[in-house]
Amino acid sequence: GLGGHEPLPCANALDFEQRGNDDVQTRLWKELNTAPCPNPECGIYIERYVTNEDHCLHMICPNCKFHWCWACRQRFKVGGTDANHDNYYKCRNLQSGSVDEQVLKRERILRESKMYQFYKRKYDECEDDIVNLKLLRSQLKDAIRESKELKEKDYDFLLEAVENLIIATNRKKVLNPVAFYSAADGKKKLFEFQLKLMEERYDKLLDMIVSKTAGKIAKNGASHRQAVLLAMQQQQQQATSSRKPPSLFSKKIMAIKQYIKSKNPTSTAPTAAATATPPSISTNTVAMRKLDYYIENKKRIVEAANSVREFFEKLFQTVRDGNLVTILEKPDPNNKTWYCSKCQRENEFGKNVCECAWTAVR
């Protein structure tokens, strides 16, 4: 579960956790990737993926050959006085809102699903960061014990700084579901700007503790924080590992596909969703700096650690008081974008608008 989730209300924390359940994900998958043929005399379910490379909305039922639009679920007609589509990529009915409630529901589910994936991915990244920071703390303790130059207590400031990072990461983790349930009001952009300031302080301290020699991520925009922490994680992994068995969710999706194929054997729709290739990272890295570096930069590390602690405490208190963000019971349907304070652009969930967005939408 979410564990300590303050300042997120318990009901929101439970809802956020349940959204990741296999049953919920299976239902969402069916809603977004399958649809019945609109022909009243047919109605068979058809599987379809709309990827970044394939935006064509024109569908032809393999059973009855009915031409219809994936977006509005109505007859597809291009050209002529009764045309309802300008081309195969734009739907007049959807743009004007001339669609039934089922289509509008699907559009809401799609937007909400992209928003959830955005914040859930950032939430999971924080969990990975916590694991890796704890590994770093253990490595530092071992190195300090083996060191003969200074006493162990001389490094207390360093371990305290790492502890501050762990506490801060736990708080960052909770702020992602807070953002998911935030209202699209005047506070939203200010809240996102504060999150950016939070990241700057966090990265400054992390940069002092973790070596800059972490591998370079293949795509631009990924932060140094992710590079070094991913490098630390890979250093702890075995050279080879056994393949994990398919999850319950994957098995359910395979069962749905088999059912659709059995009812629609002539379908030519793709049978596997396009998956993004995760950024590669060099494993020839050293995460921990030399102990001499920490002693030489003790003052800077202490100041940065205090800055992180004070900023996070103030930020959390402001969120608790409701002065920085309005937390709703359910996601706000008007919450369609997130603001990047670095490049000062609105980014649509699920789309890469600015370079900074890469780490969130990969």
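Of the 54 residues in the largest nonpolar core, those touching the most other members are Tyr119, Leu175, Phe191, Leu205, Ile209, Tyr294 and Val319. A nonpolar core here is a set of buried Ala, Val, Leu, Ile, Met, Phe, Trp, Tyr and Cys residues joined through side-chain atoms within 4.5 Å, and buried means under 20% relative accessible area, with exposed over 50% and partly exposed in between (1.4 Å probe, protein chains only). Two or more residues each come from helices H1 (10–18), H4 (101–146), H5 (156–180), H6, H9 (291–296) and H10 (298–320). Helices (H or I, at least four residues) and strands (E, at least two) are DSSP runs, numbered from the N terminus.

All of this rests on a predicted model, in which local features need pLDDT of at least 70 and side-chain atom pairs count only at pLDDT 80 or more, while totals for chains, interfaces and linings use all residues. Residues are numbered from 1 along each chain as its sequence is written, and side-chain values use heavy atoms, with hydrogens and water left out. The pLDDT (the predictor's confidence in each residue, from 0 to 100) averages 75 over the chain, and 71% of the residues reach 70 or more. Residues 236–249 fall below 50, and this stretch has seven contacts beyond near neighbours in sequence; a contact means heavy atoms within 4.5 Å. Residues 266–286 are also below 50, with 38 such contacts in the model.

Of the 25 residues in H5, 19 are buried, so the helix is largely enclosed by the rest of the structure. The end C-alpha atoms of H5 lie 37 Å apart, in agreement with the 36 Å that its 25 residues should span at 1.5 Å a residue; the expected span is 1.5 Å times one less than the number of residues. H6 (residues 187–209) has 23 residues and reaches 34 Å between its first and last C-alpha, close to the expected 33 Å. Its buried residues include Phe191, Leu195, Met198, Tyr202 and Leu205. Setting aside residues up to four places away in sequence, Phe191 touches Leu175, Val178, Ala179, Val319, Leu324 and Val325.

Ten aromatic pairs turn up in a search of the whole structure. Rings of Phe, Tyr and Trp (its six-membered ring) pair if their centres lie within 6.5 Å, and planes under 30 degrees apart count as stacked, over 60 as edge-to-face and the rest as tilted. Phe16 and Phe180 sit edge-to-face, 5.8 Å centre to centre with 70 degrees between the planes. This pair links H1 to H5 across 164 residues of the chain, and both partners are buried. Tyr293 and Tyr294 are edge-to-face too, with centres 5.9 Å apart and planes at 75 degrees. Tyr293 is partly exposed at 21% relative accessibility, whereas Tyr294 is buried at 0%. Phe16 and Phe180 also belong to one aromatic cluster with Tyr116, Tyr123 and Tyr181.

Asp332 lies in the loop between H10 and strand E5 (337–340) and counts as buried because its relative accessible area is 12%. Its side chain reaches the backbone nitrogen of Ala184 at 2.9 Å. Beyond neighbours within four places in sequence, Asp332 contacts Met115, Ser182, Ala183 and Ala184.

The peptide bond from Glu6 to Pro7 is cis, with omega near 15 degrees. Lys65, not a glycine, has a positive phi of about 65 degrees and is exposed at 53% relative accessibility.

How values were computed. A polar contact is a pair of N or O atoms within 3.5 Å; within protein, one must be able to donate a hydrogen and the other to accept it, and residues adjacent in sequence count only if both atoms are side-chain atoms.
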